[in-house]
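Please read the following report beside the sequence and the coordinates.

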Amino acid sequence: MMEKSRHTRQLAVSLLFGLWFPCCLSQTTAPSRASVALTPSAAPQQLKVRLAGYPRKHNEGRIELFYKGEWGTICDDDFSIANANVLCRQLGFVSATGWTHSAKYGNGQGKIWLDNVLCNGGEKSIDLCKSRGWGNSDCTHDEDAGVVCKDERIPGFVDSNIIDAQVDEKKVEEVRLRPVVGTARRKLPITEGVVEVKHKDGWAQICDVGWTVKNTRVVCGMLGFPHERKVNKNFYKRLTKRAAEKASSPKVSAAGRQPSKAKASSMSKQSNHRKRLYLERQKNLYLLRSVACLGSEVHLAACPLEFNRPNATATCAGGMPVVVSCMPGPLFMQNSSLKKKVKVSSNVRLKGGARLGEGRVEVLKDNEWGTVCDDRWSLLSASVVCRELGFGSAKEALTGARMGQGMGPIYMNEVKCVGNEKSIWNCPFKNITAEDCQHMEDAAVRCNIPYMGLENSIRIAGGRSSYEGRVEVQVGSKWGTVCSTGWTTKEALVACRQLGLGYAMHAVTETWYWDSSNVTEMVMSGVKCTGSEMALSQCQHHKTVNCQKAAAKFSAGVICSETASDLVLNASLVEQTVYIEDRPLHMLYCAAEEDCLSKSAAKANWPYGHRRLLRFSSQIHNIGRADFKPKAGRHSWVWHACHGHYHSMDVFTHYDLLNANGSKVAEGHKASFCLEDTECQEGVSKRYECANFGDQGITVGCWDLYRHDIDCQWLDITDVKPGNYIMQVVINPNYEVAESDFTNNGMKCNCKYDGHRIWLHNCHIGDAFSEEAEKRFEKYPGQINNRIS
């Protein structure tokens, strides 16, 4: 405060002096906070902004800007809520609720990029506001400004809610393993080799004197491996020693003759990798003299490093280049027998991610899956999760339901791992109360995974953007297109994952409207994926191409997206609202027209008699990161005069009653005659309404309610005998609309029907229980009491 008042007095004196002696002021006054002209600061397009500091939640923190290859802060002088509003919108939040001064979230490092920032609040970027200019500041990091943003996202905004390593990557830009043994170079992933760091336009080594297993753990984690292995250092030492002895002269046989050409070739291959290590030892390529990691770091640049002086003779006296060996997770192992022995955690999983090794963190407790709250969520905790699942350390820790919201319980809050725990369950954490957290605060991770080169065997072409096009794949040495017969959302999901382009929004089966000037021949057909594969080559496909529609316009295509919707049914509401109604046939003409009754209804004596209906309410939530919208545009919606509404999707849900063998004893379906936002979470606005032929869809954070008393919201059980059954509801059963997760689209309930009344219990989303609990559910012996849920 004293500093601030001093500046205020200085400003007053300067202005007064300037009014009396303006000519003298321009000549004698040194530039200061009070006298520097404020102008907009030109910056590169799409200025990067991030929140940093500790402790903080995902929607608050110290403001940092990325300019000229370096992160820096903003000084709090003249800071205002208008500045905070501009910054929060750049971060993807709708507005600001406050701002902080005096480095509330800790002191930043590096540059203080902006000072005396003055926004009017409507600017699209902070660099369009007036300021002293980039890097022109007389503040210290004790004055770093922060913001508190309203926890409501701008629809469709992707970037934000990421906690990354925040290390100076200029120290160690990139790390790789370069295999020395020839056979290792031909296999991916590379698990053993010389550690090399990117240096200028080439690569440099690290001296292994003083190298520890903790350093190896960090390197392996960065490269996507959960564990380190002991390397046979004597083997590499012998190579360098032999290379030193034999590098200069060829081997001569006992008889004094040169060996045969074949033998000489074999000997040459054996000695190549020896010579390589020896030559590296002689070169001045040792960038790092020593590394002292704790083992919990997620990046080598976060460890204490000692560099060799520039232009000095870099030696490694008594040592050699660092060689490490890493243990891959089961997903990346080539040895199938070893893969069976290595186990990953069965009580932690990732959900909702587009790419391998990313997703919302879910943990298993009492046979039911739940989420983790993002309070104090960190890279250390995220890395523990990644490693126990068979990946490397965490690349990013994500907050604010960045990978979608869960629906079940929230089990953990304020997780505080130190980084070396075997499981997140071994870390200190707080148990949750309803007031602590909501699912909009679910934590997620993005893990380091090994380089597999899968993206090198697929490409897209002809599309209007980099996220769409015709799938061209490499089979052997030949590139070509894929037959679109049987091409569905599941295959498109795998293609987009392999391309690294996120989720599949559409599986395109006719690509005539895309540029076809460079179309190649068809090289793959009969592709059938489960949706979980890493590459199309891992899916079922024909050994030889067999496609009835082989023309270029029928090549398979994809439209990918970084975000996707995710629909989940409220299982407890189904259980709470179920009942039986005997409905007269004369009230079911419209339902019969829309095929909402069982087949035996056609033989009934209309309009006399009735149908027995199992009725319930469906509340369908969109917990993803993009709005759920019908695949077909409104121009192709079908008008149903009987009910007086449009159908935007012919089949939106399936309703089934299954017996103990899994056979259907009753079935029904629900067309989406009105997809709209019935209600939304606090802070989320409704966007879709069916009235007056309005747009249909479900906004992220909202839900659509199909009440129990509307037509077709039932199962026709007229022909069902008393007994124990399983009731099943599946949303979006034909995968017509892409989602981030299809495993949670189904819901099951135990069902007891005595011929007069019906009971439902154990209603749950398809992936909400453990495998053990799901097996018990399937073997359910029957209702043991008469409690009506």
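The report below takes up the disulfides, then a pocket, then the strands and one serine.

**Disulfides**

The model is a predicted one. It holds 17 disulfides. Three of them are set out in the table.

| Disulfide | S to S distance | Torsion about S-S and hand |
|---|---|---|
| Cys 293 and Cys 303 | 2.1 Å | 105°, right-handed |
| Cys 590 and Cys 642 | 1.7 Å | about -85°, left-handed |
| Cys 596 and Cys 712 | 1.9 Å | about 90°, right-handed |

The sulfur atoms of Cys 293 and Cys 303 are 2.1 Å apart and form a disulfide. Both cysteines of this pair belong to the loop between strand S14 (286–291) and strand S15 (305–307), and they are 10 residues apart. Cys 293 has a relative accessible area of 6% and is buried. Cys 303, with a relative accessible area of 4%, is buried as well.

A disulfide also joins Cys 590 to Cys 642, with an S to S distance of 1.7 Å. Cys 590 is part of helix H12 (residues 589–593), while Cys 642 sits in the loop between strand S34 (638–640) and strand S35 (645–647), so the link ties together parts that are 52 residues apart in sequence. The relative accessible area of Cys 590 is 17%; because buried means under 20%, Cys 590 counts as buried. Cys 642 has a relative accessible area of 33% and is partly exposed.

Cys 596 and Cys 712 are both buried.

A disulfide needs the two sulfur atoms within 2.5 Å. Cys 751 is buried, at 1% relative accessibility.

**The second largest pocket**

How much space lies in the second largest pocket? The volume is about 1300 Å³. Its lining is made up of 42 residues, and those nearest the centre of the pocket are Leu 350, Lys 351, Ser 532, Asp 741 and Thr 743. Strand S17 (348–351), strand S18 (358–365) and helix H10 (489–499) are the elements that give two or more residues to the lining. S17 supplies the largest share, 4 residues. By residue class, the lining of this pocket divides into 18 nonpolar, 14 polar and 10 charged residues.

**Strand pairings**

An open sheet is formed by 4 strands in the order S30-S33-S39-S38, with antiparallel pairing. Strand S30 (567–569) and strand S38 (679–680) are at the edges of this sheet; each has a single partner strand, so one side of each is left without a neighbour in the sheet. S30 pairs with strand S33 (residues 618–622) over 3 bridges, in the antiparallel sense. Within this pairing, Leu 567 stands opposite Asn 622 in S33. Strands of a sheet pair through backbone hydrogen bonds, and the sense may be parallel or antiparallel.

Strand S42 (residues 746–753) runs antiparallel to S43, and 6 bridges join the two. Asn 750 has His 761 in S43 as its bridge partner. S42 and S43 form a hairpin, with 4 residues between the strands. Gly 755 lies in the turn and has a positive phi of about 95°. Is strand S43 (residues 758–765) enclosed by the rest of the structure or left open, and why? It is largely enclosed, because 7 of its 8 residues are buried.

**Ser 617**

Ser 617 is located in the loop between S32 and S33. The residue is buried, with a relative accessible area of 5%. A polar atom of the Ser 617 side chain lies 3.0 Å from the backbone nitrogen of His 708.

Methods
Residues are numbered from 1 along each chain as its sequence is written. This is a predicted model: local features need pLDDT of at least 70, side-chain atom pairs count only at pLDDT 80 or more; totals for chains, interfaces and linings use all residues. Side-chain values use heavy atoms; hydrogens and water are left out. Buried means under 20% relative accessible area, exposed over 50%, partly exposed in between (1.4 Å probe, protein chains only). On a 1 Å grid over the protein atoms alone, a cavity is a set of points where a 1.4 Å probe fits but cannot get out, and a pocket is an open set with protein on both sides within 12 Å along at least five of seven lines; lining residues have an atom within 4 Å of a point. Grid points are joined across faces, edges and corners, and a volume is the space filled by probe spheres set on the points. Ala, Val, Leu, Ile, Met, Phe, Trp, Tyr, Cys and Pro count as nonpolar, Asp, Glu, Lys and Arg as charged, and the others, Gly among them, as polar. Two strands pair if DSSP finds at least two bridges between them. A polar contact is a pair of N or O atoms within 3.5 Å; within protein, one must be able to donate a hydrogen and the other to accept it, and residues adjacent in sequence count only if both atoms are side-chain atoms.
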